[in-house]
Amino acid sequence: MKDIVKPNVLGVIQLADQIIKEADFACSFKQECADIKTKTENLVPILREVARVSNDPYERPTRLIIDNAEQVLHKTLQLVFKCQANQFLRLFSIIPAKAIAKSSQQIGYIIGDVLWLLCFMNHYVDQERRDEFFWFPPIAANQPQRCLIWENILLLSYGNLDCRANAAATLLAMVHDNERYIRLIMEEGGVQPLLKLAKEDRMKGQESAIRVIRLVNGDPETP
């Protein structure tokens, strides 16, 4: 994993370990803190797997997922600390029940996000198993267009030749007369893997990659 991402993952693991430790000392919302602890315990081994992956990750969704996990776990840890307060101190530290429930729910979402990330970092992108591993991570559930772009950029970056050719063809179909998809390909780092495919001395997928690049660059296709 790239050094610019790995420290963030390790920081999230440290936060998770601290939540697991501190949840045992809750004086209020004990059951809720126990649920948070259980979910966080399920999250930690997945995060450790992500940190151990030697392949360079697709940086855009990786950063988004890890940064979101860090924010959620940081807020959760603060809530767990508040739950440790004795009865007198709790008078000055109001803990909304909804906030505890939301934190527990968000950790569940993070597990889904990190599992999604781990699948692709391990290059589970062969055609026969594609349906098994392609789903929308919770963080992008309300952004299906962005997630479709991620999916195909991941295939372009890590897939075999057939996967990459199919991904280029899919992106070509998506960008026709659709400015949003063109913008998303640029924003989500799709140009570089397209260029790599276009420069390879193989015909499969090369034409689609070149046509997508032209459309992204604003060059209209000639009939």
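Q: Is arginine 52 buried or exposed in this predicted model?
A: The cut-off for exposed is over 50% relative accessible area. Arginine 52 has a relative accessible area of 56%. Arginine 52 is therefore exposed.

Q: Which residue forms a salt bridge with arginine 52?
A: Both partners lie in helix 2, 3 residues apart, so about one helical turn separates them. The closest N and O atoms are 2.5 Å apart.

Q: How many residues apart are arginine 48 and aspartate 17?
A: Their side chains meet in a salt bridge, at 3.1 Å from N to O. The pair links distant parts of the chain. Arginine 48 sits in helix 2 (residues 30-52) and aspartate 17 in helix 1 (residues 6-22). They are 31 residues apart.

Q: Is aspartate 17 buried, partly exposed or exposed?
A: Buried means under 20% relative accessible area, and exposed means over 50%. Aspartate 17 has 32%, so it falls in between. Aspartate 17 is partly exposed.

Q: What is the relative accessible area of glutamate 188?
A: The side chains of glutamate 188 and arginine 146 meet in a salt bridge, at 2.1 Å from N to O. Glutamate 188 lies in the loop between helix 9 and helix 10, and arginine 146 in helix 7. Arginine 146 counts as buried at 14% relative accessibility. Glutamate 188 is buried too, and its value is 1%.

Q: Which residues do salt bridges that share partners join into one network?
A: Glutamate 188 and arginine 146 form one of the bridges. Shared partners extend the network. Its members are Arg60, Arg146, Arg183, Glu187 and Glu188.

Note on methods. Residues are numbered from 1 along each chain as its sequence is written. This is a predicted model: local features need pLDDT of at least 70, side-chain atom pairs count only at pLDDT 80 or more; totals for chains, interfaces and linings use all residues. Side-chain values use heavy atoms; hydrogens and water are left out. A salt bridge is a side-chain nitrogen of Lys or Arg within 4 Å of a carboxyl oxygen of Asp or Glu. Helices (H or I, at least four residues) and strands (E, at least two) are DSSP runs, numbered from the N terminus. Buried means under 20% relative accessible area, exposed over 50%, partly exposed in between (1.4 Å probe, protein chains only).
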